[in-house]
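Thanks for asking me to look through this model with you.

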Amino acid sequence: MTVQENLVGVALFISGVVVMVIAIAASIALHEIGHLVPAKIFRVRVPQYMIGFGKTLFSVKRGETEYGLKAIPLGGYIAMVGMYPPGATRDPQKKPGPLADIYDEARRADAKRILATDKGRLFYQLPVWKKIIIMLGGPTMNLLIGVLCLAVLILGFGQQQPTTTISSVSQCVQKVSATNVDNAASDGCGNDAPQSPAAEAGIEPGDKILSFAGTEVSSWDQLNELIRSHANQSVPVTVQRDGTRTELTIEPMLTARPVLNELTGQYEKNADGTYQTVEVGFIGVGPTSELTPGTVSDVLPTVGQNLQQIGSTLIKLPVRVWGVAQTLLTNGERAADSPVSVVGVGRIAGEVAATDKIDLHSKVASLVSLIGSMNLMLFVFNLIPLLPLDGGHVLGALWEGIRKIWAKLRGKSSPGAFDPVKLLPLTWIVAGAFLAMSGILILADVFKPVSIF
């Protein structure tokens, strides 16, 4: 590779990173606007709208709100007055708890922002439904961005769909392990591994399968179903190779294959953690993929599948981050599907922009897909019902509503607004855990980056 080609590659990589940085900043900004707009509609005073944390680099005041950019672009926030309700008057006869002073300091810091003109404009004074709308506004913006990106991807570019053109042919068939399916079909053949039916029949990478068992095929799903249902049967297969039709004979092998959940894209497991398998026909080929435009009706199901996959990933996030940490400590091989930080997302975007393995059309489609998936992840992540996330505030508002309804049914006085101050220790633990996981993933993305090519 020449120096000029290297410089072009570096420039393309940087351009991909810059695109993703802008996309992340825009996603954060729009998330906070999702909170800001309903807060202003409900007349809550918002002193600050900030992108990032730490030292303020730039700000401008418009009306009663300061809009600005801070040094650490790892999030954002809006500051609403009156987040904490006044605490109950202390009983002088009772010894205050160990965290009483911390709670009081948090209330004092919140109260300092309250002006005389803010009467009736404090967040804690809002009805429950208004609090929920404000807190759901941010995640909803991320959901809308994700839906828009996937709609553009599906309708404008298309989705990667497997075709009947063969990309790879396994030389042998490995047995599925109870705990591992990665080597179910590979080229690393053991002494007792039988030759794959595809290799034995003479199928080669680049062949396009036109018919199987006397049936013309037009999709990978159709071909896969025919293969699975013709185990131990010698059948004709027609392939197109270099523009010429070639007739072959193949006998799919009856073997145990892992059960794939089409909705989540994950292999199904039994209660004991082993993989579920089913006895089906198998020949040992992998399909090529190409972008295939879809319809409007494909958008929401695709969004739903993405959300389900993201939800499944987040449930296992602590365990998977621990696995990444072990990889760092032992200098092991990082899994290609391991979670990544914003640094990793930027690196992936740079790789997509710089690679010569896909054309410009596919590069743009990949970046749009990456931005959409990132926003759907932010949507799900922010709905986790733990403070300081939006989902924690929503749960607090719901709890407030339940308590008020229960008190009214019993003829009791209102218990008052939900008080997040009482959950500050839990909030700190959750925030610390997220910061620790982010730190581990950032280190991994620097020293053990995930490569998609």
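1. Let's begin with a term. On a 1 Å grid over the protein atoms alone, a cavity is a set of points where a 1.4 Å probe fits but cannot get out, and its lining residues have an atom within 4 Å of a point.

2. A word on ground rules. This is a predicted model, where local features need pLDDT of at least 70 and side-chain atom pairs count only at pLDDT 80 or more, while totals for chains, interfaces and linings use all residues. Residues are numbered from 1 along each chain as its sequence is written, and side-chain values use heavy atoms, with hydrogens and water left out.

3. Who lines the largest cavity? Among the lining residues are Met-83, Phe-123, Lys-131, His-393 and Glu-400. Helices and strands here are DSSP runs numbered from the N terminus (helices: H or I, at least four residues; strands: E, at least two). Helices α3 (128-157) and α10 (390-409) each supply at least two lining residues, and α10 gives the most, with four. By class, the lining has seven nonpolar, two polar and two charged residues. In this count, Ala, Val, Leu, Ile, Met, Phe, Trp, Tyr, Cys and Pro are nonpolar, Asp, Glu, Lys and Arg are charged, and the others, Gly among them, are polar.

4. A nonpolar core is a set of buried Ala, Val, Leu, Ile, Met, Phe, Trp, Tyr and Cys residues joined through side-chain atoms within 4.5 Å; buried means under 20% relative accessible area, exposed over 50%, and partly exposed in between (1.4 Å probe, protein chains only). The largest core has 56 residues, of which Met-20, Val-44, Met-80, Phe-123 and Ile-134 touch the most other members. Helix α3 gives the most to this core, with eleven residues. A second, separate core of 20 residues includes Ala-198 and Ile-250.

5. Next, the loop between α9 and α10, where Pro-388 is found. A cis peptide bond joins Leu-387 and Pro-388, with omega about 10°. Leaving aside neighbours within four places in sequence, Thr-427 is in contact (heavy atoms within 4.5 Å) with Leu-387 and Pro-388. Thr-427 is found in helix α11 (residues 424-447), and counts as buried because its relative accessible area is 14%.

6. Is Lys-363 buried or exposed? Lys-363 counts as buried because its relative accessibility is 13%. Lys-363 is found in helix α9 (residues 360-382), and its contacts beyond four places in sequence include Val-352 and Ile-358.

7. The unreviewed UniProt entry lists residues 7-30, 132-157, 364-384 and 426-447 as "transmembrane region"; such annotations may be inferred rather than shown by experiment. In the model, residues 364-384 are 90% helix and 0% strand, with end C-alpha atoms 31 Å apart. Residues 426-447 are 100% helix and 0% strand, with end C-alpha atoms 32 Å apart.

8. Finally, two backbone details. Arg-43, in the loop between α1 (3-41) and β1 (48-62), has a positive phi of about 70° although it is not a glycine. Asn-232, in the loop between α5 (220-229) and β6 (235-241), has a positive phi of about 60° and is not a glycine either.

Conventions: On a 1 Å grid over the protein atoms alone, a cavity is a set of points where a 1.4 Å probe fits but cannot get out, and a pocket is an open set with protein on both sides within 12 Å along at least five of seven lines; lining residues have an atom within 4 Å of a point.
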